[in-house]
Amino acid sequence: MSQTWNSPIDHFSNENSTFKQRYYVNAEHWDKKGPVFFSIGGEGTLSSSSVTSGYINSLGKNYSALIISLEHRFYGESIPNGNALTENYQYLTVEQALADLSTFTDYYKSQDEDAATAKWFAFGGSYPGALASWYRMAYPDQTVGSLSSSGVVNCIVDFPEFDEQISAAIGNRCSDQIKRINAAFERTIASGEAGWVKATDMLHCEKDMWKEDFFYMIADSWSMADQYGAKTSLCSTILDIGADASDEVLMQTFADFSISYWGEDFCTMGFYNSEQLADPARWDVNSRSWRYQTCDQVCLVSRARVSHVWLIS
């Protein structure tokens, strides 16, 4: 069950306004003598699984730890001022997020004397992995260490090596089949409005989506399928397509896989549609916040700090 605490909207001013920031606690393994494992929330909605499953839960059991996870500001239900308007994003910064971690730690220690005397250790993966390393730098007295798993501390904007790694990981045959599928979508969409309708209908996309966003979406679908453990499922599906298959068969086979694996709303959840992200009546807060944050600051921060980061990975 989630809880909330009153976090300052702006840690660096005299303004006293606060917002409800959500967190989860798992005390199942804690003997009140072990450490506190502080799991840092990232660019999405936090759930109870952040403290009850996966690696951190196994580790918590081994070390009789108290596990706590804090939802990142402007994601899930932790929205300062209750909106995702552009002017409100002045409070969506790495510095504010790190201050959240520190002030929350002080708050929780004030509520639990056993947690106050325990050793705190921070955990994070990907963007939260970067936060875990930056947290050690910015607030070294709040933790005894941190684990930065795949911490994104060096943002590379033009990164073809990512696609090359995906291609190498799935192998030549599967990679060649993906090229066929992508070419089929390109030909169909280039044919005109009817082709655009056909392609977007297959993947349940909205029609006002930019074509650049559409191709980003299908590339993300197969790239993440490989990245997150579905390489065999992806490749076995598309390698069954015959050499003489039509463009429609190529596209539909991939579309069926993508929808089956990622869900019906993969293309409509907001992350891939720039028009949707710009429309207050339609935007998804998580997607909008992450697009804004990466473009406005995260890449700049990671570049500035990469040579000074202490991390274990």
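What follows is a chat about the disulfides, a pocket and a few residues of this predicted model.

Colleague: Hi! What should I know before I start reading the model?

Modeller: It is a predicted model, where local features need pLDDT of at least 70, side-chain atom pairs count only at pLDDT 80 or more, and totals for chains, interfaces and linings use all residues. Residues are numbered from 1 along each chain as its sequence is written, and side-chain values use heavy atoms, with hydrogens and water left out.

Colleague: Thanks. How many disulfides does a search of the whole structure find?

Modeller: Two, where a disulfide is a pair of cysteine sulfur atoms within 2.5 Å. One joins C174 to C235, with S to S at 2.1 Å.

Colleague: Is the link of C174 and C235 left-handed or right-handed?

Modeller: Left-handed, with -90° about the S-S bond. C174 lies in helix α7 (residues 172–190) and C235 in helix α10 (residues 231–239), so the pair ties together parts that are 61 residues apart in sequence. Helices here are DSSP runs of H or I with at least four residues, strands are runs of E with at least two, and both are numbered from the N terminus.

Colleague: Are C174 and C235 buried or exposed?

Modeller: Both are buried. Buried means under 20% relative accessible area, exposed over 50%, and partly exposed in between, with a 1.4 Å probe and protein chains only.

Colleague: And which cysteine does C205 pair with?

Modeller: C205 is joined to C267, with S to S at 2.0 Å. The torsion about their S-S bond is about 115°, so this disulfide is right-handed. C205 sits in the loop between α8 (193–202) and α9 (211–227), while C267 sits in the loop between α11 (247–262) and α12 (274–277), 62 residues apart. C205 and C267 are buried too.

Colleague: What about C295, buried or exposed?

Modeller: C295 is exposed, with a relative accessible area of 66%.

Colleague: Let's switch to pockets. What is the volume of the second largest pocket?

Modeller: About 180 Å³. On a 1 Å grid over the protein atoms alone, a pocket is an open set of points where a 1.4 Å probe fits, with protein on both sides within 12 Å along at least five of seven lines; lining residues have an atom within 4 Å of a point. Points are joined across faces, edges and corners, and the volume is the space filled by probe spheres set on them.

Colleague: Which residues line the second largest pocket?

Modeller: Among them are D163, I166, K179, N182 and W222. The elements giving two or more residues to this lining are α6 (160–170), α7 and α9.

Colleague: Now H72. Where does H72 lie?

Modeller: In the loop between β4 (66–70) and α3 (94–111). H72 counts as buried, at 5% relative accessibility. Its side chain makes a polar contact with the side chain of Y127 at 2.8 Å. A polar contact is a pair of N or O atoms within 3.5 Å; within protein, one must be able to donate a hydrogen and the other to accept it, and residues adjacent in sequence count only if both atoms are side-chain atoms.

Colleague: And where is T188?

Modeller: T188 is in helix α7, and at 10% relative accessibility it counts as buried. The T188 side chain reaches the backbone oxygen of A184 at 2.8 Å. Leaving out residues up to four places away in sequence, T188 touches G195, W196, K198, D247 and M251, where contact means heavy atoms within 4.5 Å.
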